[in-house]
Structure formats: C-alpha cells, structure tokens
Amino acid sequence: MSKDVSDTAPKDVLSALAIILEARKNAPAESSYVASLYARGTDTILKKIGEEATETVIAGKGDDDAALVHETADLWFHTLVLLSHRSLHPQRVLDELERRFGTSGHTEKAARKHGSENLDSIDRG
C-alpha cells in the first residue's frame, strides 16, 4: 500500500525527490525524462523552468485553482531538477527560507541590494 502524500511532511517529499533526481544523473538519457534533461544540459533545464514559470503566471491569472497547483508543481519540480543538476540538495533552499523567516521582506531585499548589511545582526522580533 502506498503512503498517502498528505501524510508526508514537505521536507520528506523534497528529500525523496532529491534522491530520485540524483539517481537519474547516472541513468541513460533515454531511460527517463529527467535523465534526458540532464543529458541535454543546463540551458535545456533553464528553458524548461522558464516555460513552467510562464505557465504558472498564466494559471495564476485565471480562476482555476487546480491548474495553478498543477503548474506550480511543474515549476517546483523543474527547479529541483536544476538544483540536483548543480549538486545542490533542496535542504539548502529550505535553510535559506528558514534564515529569512521573521525578517521583513523589505529588509531582506535591501540587504541583498546593498550587500553591506548583515541580516544576522537584524532584530527579528
């Protein structure tokens, strides 16, 4: 019996996908869609992310919530493919999101823009 996805924590789903995506790196291109993306290289993966981002925007403009969820899943998936292609685990993104948690978006953006501000010294309260 397969495990219901709703019973799986997001981190567990990302980790499971990361393991599968990593395994596809060593697979022949004709054996899977992901292996074929890896074989075609970064530019192909980036193009696919661009396509999925556009489709997500279009779905977001519409009223079909299921379409938005579907396109967002496609976008996230292809972004995970890129991370794996670059040997980056999704935990790195989760760590970055956690680092930003509790920090004003304006403050975080200003720190990136100016580069001189250290977010670790910002009062997050």
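A crossing of two helices is left-handed if the near helix is turned anticlockwise from the far one by less than a right angle, and right-handed if it is turned clockwise. Helices here are DSSP runs of H or I with at least four residues, strands are runs of E with at least two, and both are numbered from the N terminus. The model is predicted: local features need pLDDT of at least 70, side-chain atom pairs count only at pLDDT 80 or more, and totals for chains, interfaces and linings use all residues. Residues are numbered from 1 along each chain as its sequence is written, and side-chain values use heavy atoms, without hydrogens and water.

**First selection: residues 33-40 and 65-85.** These are helix α2 and helix α4, whose axes (lines fitted to C-alpha atoms over the stretch in contact) come within 11 Å and cross at roughly 55°. In passing α4, α2 makes a right-handed crossing.

**Second selection: the side chains between them.** Display Tyr33, Val34, Leu37 and Tyr38 of α2, which meet Phe77, His78, Val81, Ser84 and His85 of α4 (contact means heavy atoms within 4.5 Å). Of the residues in this contact, six are nonpolar, three are polar and none is charged.

**Third selection: the whole chain.** The chain contains six helices and zero strands. Of its 125 residues, 23% are buried (under 20% relative accessible area, with a 1.4 Å probe and protein chains only).

Terms used: Buried < 20%, exposed > 50% of the residue type's maximum accessible area, 1.4 Å probe, protein only. Axes fitted to C-alpha atoms, helices over the stretch in contact; angles between N-to-C directions. Nonpolar A, V, L, I, M, F, W, Y, C, P; charged D, E, K, R; others polar.
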